[in-house]
Amino acid sequence: MENTSAEDQETIREFLIESHENLSRLDQDLVELEKRPQDVALLGSIFRTIHTIKGACGFLAFSTLESITHQAESLLSQLREGKRHLTPALVSLILETVD
């Protein structure tokens, strides 16, 4: 972060703090979703958290992270729309995205 302004460094620092909190919550929520795969509210919460992370990545031009979170968001959207059913393999895939 040597070549970035103090303002940019602070923005990135805030992104890292917020993302750490979001990722911790996602880990917990995904474990709960495995136990309660039909929990629409929990699935919606997970989707919104991923969407928030994706938006921040886009804003900061972190294109690789934005692309990865976009894929997870697409999977979650398909789950919400009933186009896919939650399986342990799909939860593992989403957890890999979080990792």
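This is a predicted model: local features need pLDDT of at least 70, side-chain atom pairs count only at pLDDT 80 or more; totals for chains, interfaces and linings use all residues.

**Helix packing around H4**

The buried residues of helix H4 are covered by elements that include H1 and H3. Those buried residues are Leu90, Val91, Ile94 and Val98. Viewed down the axis of H4, they fall within an arc of 100°, and therefore line one face of the helix. Pro88, Ala89 and Glu96, on the other side of H4, are exposed.

From H1, the residues Leu23, Leu26, Asp27, Leu30 and Glu34 meet Pro88, Val91, Ile94, Leu95 and Val98 of H4. The contact of H1 with H4 comprises eight nonpolar residues, two charged residues and no polar ones.

A second pairing involves H2 (residues 40–59) and H3 (residues 63–80), whose axes come within 9 Å and cross at roughly 155°. This angle makes H2 roughly antiparallel to H3. The crossing of H2 and H3 is left-handed. On the H2 side, the contact is made by Leu43, Gly44, Ile46, Phe47, Ile50, His51, Ile53, Lys54, Cys57 and Gly58. H3 contributes Leu65, Glu66, Thr69, His70, Ala72, Glu73, Leu76, Ser77, Leu79 and Arg80 to this contact. By class, the residues of the contact of H2 with H3 are 10 nonpolar, six polar and four charged.

How values were computed: Residues are numbered from 1 along each chain as its sequence is written. Side-chain values use heavy atoms; hydrogens and water are left out. Axes are lines fitted to C-alpha atoms, for helices over the stretch in contact, and angles run from 0 to 180 degrees between N-to-C directions. Helices (H or I, at least four residues) and strands (E, at least two) are DSSP runs, numbered from the N terminus. Angles under 35 degrees count as roughly parallel, over 145 as roughly antiparallel, 65 to 115 as roughly perpendicular and the rest as oblique. A crossing is left-handed if the near helix is turned anticlockwise from the far one by less than a right angle, and right-handed if clockwise. Contact means heavy atoms within 4.5 Å. Ala, Val, Leu, Ile, Met, Phe, Trp, Tyr, Cys and Pro count as nonpolar, Asp, Glu, Lys and Arg as charged, and the others, Gly among them, as polar. Buried means under 20% relative accessible area, exposed over 50%, partly exposed in between (1.4 Å probe, protein chains only). The arc is that of the directions from the helix axis to the C-beta atoms.
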